[in-house]
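My entries follow in the order of the look-ups.

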Amino acid sequence: MRETDETEDQETARTCPECDSENLVKDSDRGELICEDCGLVVEEEQIDPGPEWRAFNHQERQNKSRVGAPTTQTMHDKGLTTTIDWKDKDAYGRSISSKKRSQMHRLRKWQERIRTKDAGERNLQFALSEIDRMASALGVPRSVREVASVIYRRALKEDLIRGRSIEGVATSALYAACRKEGIPRSLEEISEVSRVERKEIGRTYRYISQELGLEMRPVDPKKYVPRFCSELQLSEEVQTKANEIIEKTAEEGLLSGKSPTGYAAAAIYAASLLCNEKKTQREVADVAQVTEVTIRNRYQEQIEAMGIHG
Ligand SMILES: [Zn+2]
């Protein structure tokens, strides 16, 4: 029985499977459909995608990049340094000789440098502690935290934090690291432990991945199978079956434009039925953080493609 309110997945690739954004743009050079908000390649053409993806030229990127929340950077120097007045007057308001002026100019530049460096280091400490906090809340291994902090440091070095929130960049670095290490967390899961909204995470992630040349292909649903199955206490057999369903149906082109978490969830649900370890759609949906409607739709498509009759 099909429900009438199945609007969510009705039309393939109208919204981004990762962040639900409707800002999908076609990159004519590559024939790819790309999410403007999180950068996910929603649909790719089957011909050679080339080694590195660059959807926009620099100018376009500049124009399109949105400014995130104001940075939380605070510049307090605890009263230890005195700011030298920019008006080149001494404490009595008298003008200063040119020799003294250039001396003060140097001093002022030096002060500025120290203050920026201090702020940068404080911000880095804060960002790294945020990464640690979120990583432990997500239960991801040490290696992911390390990769995330490398990404964050690179972003800092390339001056990508400017105009964005530290929390946003830290979260995006962690999100990217999870994908990179092959233990992906969905934007939904990431945003639950983050101090920033999913939309901002998606946008910041897109920006830093483009600038740093990180991988932005969709995650292979099979990467979600071990974790979801273990949370559902399903056997190895179910895992193997789910992977088989994913592989076979992906070959048929069913995966294109679909959320990888929803896809994995449906395959796990189907596999649990086939292996007589039935879980309800609700149970699987809770673990994968997708809707039951999504599972139902993907499941129908998958079993049809596999020639199984549910
Ligand atoms: Zn997106």
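How many bridges join strand 1 to strand 2? I found four bridges between strand 1 (residues 24-27) and strand 2 (residues 32-35), and the two run antiparallel. I take helices (H or I, at least four residues) and strands (E, at least two) as DSSP runs, numbered from the N terminus. Two strands pair if DSSP finds at least two bridges between them.

Before going on, I noted that this is a predicted model: local features need pLDDT of at least 70, side-chain atom pairs count only at pLDDT 80 or more, and totals for chains, interfaces and linings use all residues. Residues are numbered from 1 along each chain as its sequence is written.

**Entry: the sheet**

I looked up Leu-24 and found Cys-35 of strand 2 as its bridge partner. The hairpin of strand 1 and strand 2 has four residues between the strands, and there Gly-31 takes a positive phi near 65 degrees.

Strand 2 also pairs with strand 3, in the antiparallel sense, over two bridges. I read Glu-43 in strand 3 as the bridge partner of Leu-33.

Taken together, three strands form an open sheet in the order 1-2-3, with antiparallel pairing. Strand 1 and strand 3 (41-43) are the edge strands, each pairing on one side only. On average, neighbouring strands of this sheet are turned by 40 degrees against each other, direction ignored.

**Entry: the whole chain**

I counted 11 helices and three strands in the protein chain. Along the sequence, the pattern is β-β-β-α-α-α-α-α-α-α-α-α-α-α.

Of its 310 residues, 36% count as buried. A residue is buried if 20 or more other C-beta atoms lie within 10 Å of its own, exposed if 12 or fewer, and partly exposed in between, with C-beta atoms placed from the backbone.

I then looked at contacts between residues at least 6 apart in sequence: 66% join residues at least 24 apart. Two residues are in contact if their C-beta atoms, placed from the backbone, lie within 7 Å.

**Entry: helix 4 and helix 6**

At what angle do helix 4 and helix 6 pack? I read about 70 degrees for helix 4 (residues 166-180) and helix 6 (residues 198-212), with their axes 8 Å apart. Axes are lines fitted to C-alpha atoms, for helices over the stretch in contact, and angles run from 0 to 180 degrees between N-to-C directions. Helix 4 and helix 6 are therefore roughly perpendicular, a term for angles of 65 to 115 degrees.

Gly-168, Val-169, Thr-171, Ser-172, Tyr-175 and Ala-176 of helix 4 meet Glu-200, Ile-201, Thr-204, Tyr-205, Ile-208 and Ser-209 of helix 6. I sorted the residues of this contact into six nonpolar, five polar and one charged. Ala, Val, Leu, Ile, Met, Phe, Trp, Tyr, Cys and Pro count as nonpolar, Asp, Glu, Lys and Arg as charged, and the others, Gly among them, as polar.

**Entry: the partners of helix 11**

Helix 10 (residues 281-288) and helix 11 (residues 292-306) pack at about 110 degrees, with axes 9 Å apart. That makes helix 10 roughly perpendicular to helix 11. I listed Gln-281, Arg-282, Val-284 and Ala-285 from helix 10, and Glu-292, Ile-295 and Arg-296 from helix 11. These divide into three nonpolar, one polar and three charged.

I also checked helix 8 (residues 236-251), whose axis comes within 9 Å of that of helix 11 and crosses at roughly 80 degrees. Here Ile-245, Lys-248 and Thr-249 of helix 8 meet Gln-302, Ala-305 and Met-306 of helix 11.

How values were computed:
Parallel < 35°, antiparallel > 145°, perpendicular 65-115°, else oblique.
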